[in-house]
Amino acid sequence: MASSTLNNRESLAFEDIYDIVKRNDKTQYDLIYRTLLAKSEYLTLIPDNDNYSILHYLVMYGLLDLFNKVIAIPNIRFILLTKTATKPQKDILQIANENQTKSSTHKKLYDTIDRLVIMDKFVEYGKNNQINECRKMLQQDEDLANLKPPYRKYYLIHHLAFADNKNAFDQLRSMCNFDMKLLTNDKKTASEVAIEHNHTRFATYLESLSPEMRAIREQHDKEKDKRNQAKIKRDEQVEKEILTTGGNNMLDCFTCPLTKEIFHDPVVLSDGFTYERSAIQQWLDLGNRRSPMTNIELTNVTLEKSFKNERRIFL
């Protein structure tokens, strides 16, 4: 049942959603979004027989709501750099500017893109450790310190933590108020980013300035430990079942419930079931947030690698 449900919700081909967008078929917008969740690279593709990408059409038609949903899709990249195939080439800010007088929605979309361009530029400076450029922009708008486009993973504070740039952090902190509780797109504090890259002194410094940041990190550590303990128990239960069945149902232990094939890259979801990574990732990319086996809402969508099962399969 789970497998058939997955198949019924597979993403459309590029040609199909491109045609839907080009015709501005509003009844099919949910299909566009669901497809882009699984195939985000479709957003900026320009077919040989056209001058515009799906992104350009979204802007031309003033599709503000769909645009805002699309740019929040994980792994959408370089959308602001996408140029048309026309002569002269145009990016989405230029197209939005040309169309902003068509309607109030077109105007809101232009304002949205204009702000995104500024935020994107600022975060890119932070990513490349161009602190002087960050400082110049903060002098014009100190709010930028705590802003980023939704498709960007890090805020400025996370880039500083990644680079272990305490001096820059202190300099910029004198110009603006950093929100120390900001989380990356994968829900990590700046101190967690620093710790991941072995910058423990900077992480300790950040948490000394913000007990709230420390509390968030400690809560994340507890949740991770809880997941690890649950995973150990699940693996022990699987091992026990294998021993008690005497091998009669052993193949089921190594078979993905979605693909019905032996695991190559098994992962465990919060529902306690083990799946083939590519199959369950496709399920999640389509926006599903319930277990494909129980239909119960998932507590989280973290995929934990099933190391013990993997050893059993290949030994």
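Biologist: What relative accessibility makes Glu 196 count as partly exposed?

Modeller: This is a predicted model, in which local features need pLDDT of at least 70, side-chain atom pairs count only at pLDDT 80 or more, and totals for chains, interfaces and linings use all residues. Residues are numbered from 1 along each chain as its sequence is written, and side-chain values use heavy atoms, with hydrogens and water left out. Buried means under 20% relative accessible area and exposed over 50%, with partly exposed in between (1.4 Å probe, protein chains only). Glu 196 therefore counts as partly exposed, at a relative accessibility of 44%.

Biologist: Which residue forms a salt bridge with Glu 196?

Modeller: A salt bridge is a side-chain nitrogen of Lys or Arg within 4 Å of a carboxyl oxygen of Asp or Glu. For Glu 196 the closest N and O atoms of the pair are 2.5 Å apart.

Biologist: Which residues are linked with Lys 188 in a network of salt bridges?

Modeller: The structure holds 22 salt bridges. In the network that includes Lys 188, the other members are Lys 153, Asp 186 and Glu 196.

Biologist: Are Arg 152 and Asp 120 buried or exposed?

Modeller: Their side chains meet in a salt bridge, at 3.1 Å from N to O. The pair links distant parts of the chain, 32 residues apart: Arg 152 lies in the loop between α8 (131–140) and α9 (156–163), and Asp 120 in helix α7 (residues 104–127). Helices here are DSSP runs of H or I with at least four residues, strands are runs of E with at least two, and both are numbered from the N terminus. Arg 152 and Asp 120 are both buried.

Biologist: With which residue does Asp 265 form a salt bridge?

Modeller: In this pair the closest N and O atoms are 2.8 Å apart. The two residues are twelve positions apart and link distant parts of the chain, with Asp 265 in the loop between α14 (250–253) and β1 and its partner in helix α15. Asp 265 counts as partly exposed because its relative accessibility is 22%. The partner, likewise partly exposed at 29%, is Arg 277.

Biologist: Which strands stand at the edges of the sheet?

Modeller: Two strands pair if DSSP finds at least two bridges between them. The open sheet has three strands in the order β2-β1-β3, with antiparallel pairing. An edge strand has a single partner, so one side of it is left without a neighbour in the sheet; this applies to β2 (274–276) and β3 (304–305).

Biologist: How many contacts does the stretch of residues 309–315 have beyond near neighbours in sequence?

Modeller: The chain has a mean pLDDT of 87, and 88% of its residues reach 70 or more, where pLDDT is the predictor's confidence in each residue, from 0 to 100. Over residues 309–315 the pLDDT is below 50. Where pLDDT is low, the predicted coordinates should not be read in detail. With contact meaning heavy atoms within 4.5 Å, the number in the model for this stretch is 17.
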